[in-house]
Amino acid sequence: FPLLASLRASAQLISYEVPMVVSLLVYAIETQHVAFNLVAPLNEPNITAEGIYIPTASQYITAMHLLAQKLDANGLGEMRFVAPDRAYGNTNFMPEMMADPLIMSKLAHFGCHSYGTDGWDSRDVWDFLQNSPYPDRTFWMTEFNAWCSTCEDGEGGTNGIDYALGTVDYLFGHMLKGASAGMVWEGYDSFYPHHDRWSFWGLLAVDDINATPKTYTPRKNFYTLGQLGRFVPVGARRIQAGSSDNNVSLLAFYHAGRGQLTLTGINENGNPTTLAGTLLSLPAIDKLDLYYTSADTNFCPAATVPVAGGAFVVEVPAKCMFTLMGILRS
């Protein structure tokens with residue numbers, strides 16, 4: 001009987017949730033004239049207190065299928081999904097989604113959430129997609145960060161360089177597992193009624209929760225992630241890169257249309273580190289511009305590094321996020 005009651009409650013929630021989502025989208029587009037075509041309709045459906053609780057794949061598919069039909073019926077047929085946005089579970093719900101042609105006709109990207117290191121909760125997704133009927137679909141980390149108990153429990157956030165480097169390191173882990181986009185949780189500190197407290201995960205930290213109006217100050221990971229946002233443009237492809245120093249993480253990106261090469265990394269060493277690098281299988285490049293964020297400096301332009309015969313030598317500061325960016329010789 002408890003299971004039957006739970007199923008009935010979930011069905012009622014689905015019948016209310018879907019029209020509510022559609023109404024919100026119609027209002028945003030037709031009344032407020034907001035231009036967008038991607039929607040993540042159900043947040044973390046596999047856990048309670050974060051959205052409508054839909055514990056089983058079959059219930060989730062019922063909700064998403066109905067939502068797709070309602071979008072078509074209300075003139076929003078061009079809207080595309082980013083889903084399932086589970087709190088955890090890696091590829092869970094994805095096989096069932098793939099078995100529904102209507103849902104897949106509207107799916108732009110699979111969405112995953114993770115607060116684990118080394119690509120946790122994204123580790124199997126790329127291989128799963130490549131061996132599925134939909135190898136053309138990408139997956140996004142629509143929620144990620146290094147876990148912060150005090151941020152979650154309303155006790156305050158952190159502006160330390162170690163945590164900021166951790167945020168980037170977690171994103172590196174997901175990229176290495178094949179994620180094509182990352183959305184950090186979260187943009188700015190906010191009060192959440194469902195937790196009845198403030199959340200302090202924001203890249204922008206609230207200065208005084210009792211002030212009106214409220215003002216915000218960037219935390220350190222605003223600048224570390226900002227280097228990726230600034231120098232890894234949309235459309236760039238990750239290319240092979242590696243480091244012989246276990247305390248230096250490195251990713252490389254190439255944008256063919258711009259002729260732009262970006263090397264971005266984390267130096268965890270407690271002292272400045274000299275990196276000697278060689279660029280292989282790339283068109284000629286003359287120089288790389290170095291930027292870094294450390295405990296004392298934010299998004300600092302530091303040096304122009306000459307490149308000769310594909311080789312370069314650069315000293316990067318201790319405990320920092322660094323970026324080397326160059327434009328290929330025309």
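Histidine 113 stands opposite glutamate 143 in strand E4, and six bridges join E3 to E4 (residues 138–144), the two strands running parallel. Helices (H or I, at least four residues) and strands (E, at least two) are DSSP runs, numbered from the N terminus, while two strands count as paired if DSSP finds at least two bridges between them. The model is a predicted one, in which local features need pLDDT of at least 70 and side-chain atom pairs count only at pLDDT 80 or more, whereas totals for chains, interfaces and linings use all residues. Residues are numbered from 1 along each chain as its sequence is written, and side-chain values use heavy atoms, with hydrogens and water left out.

On the other pairing of E3, five bridges join strand E2 (residues 80–86) to E3, again in parallel, and the bridge partner of alanine 83 in E3 is phenylalanine 110. Two bridges join E1 to E2, which also run parallel, with arginine 80 in E2 as the bridge partner of leucine 38. Taken as a whole, five strands form an open sheet in the order E1-E2-E3-E4-E5, with parallel pairing. Strand E1 (38–39) and strand E5 (181–184) stand at the edges with a single partner strand each, so one side of each is left without a neighbour in the sheet.

How enclosed is E3 by the rest of the structure? Seven of its eight residues are buried (under 20% relative accessible area, where exposed means over 50% and partly exposed lies in between, with a 1.4 Å probe and protein chains only), so E3 is largely enclosed by the rest of the structure. Histidine 109, found in this strand (residues 107–114), is buried with a relative accessible area of 17%. Not counting residues up to four places away in sequence, histidine 109 touches Phe81, Val82, Ala83, Thr138 and Trp140, where contact means heavy atoms within 4.5 Å.

The helices can now be placed around these strands. E3, helix H5 (residues 125–130) and E4 make a right-handed β-α-β unit; right-handed means that, with the strands pointing away from the viewer, the path from the first strand over the helix to the second runs clockwise. Helix H7 (residues 161–176) lies across E3, E4 and E5, running at about 160 degrees to E4, with axes fitted as lines to C-alpha atoms, for helices over the stretch in contact, and angles running from 0 to 180 degrees between N-to-C directions.

Some backbone details deserve a careful look. The peptide bond from alanine 83 to proline 84 is cis, with omega near 15 degrees, and proline 84 is found in strand E2. A further cis peptide bond leads from tryptophan 185 to glutamate 186, with omega near 5 degrees, and glutamate 186 lies in the loop between E5 and strand E6 (190–192).
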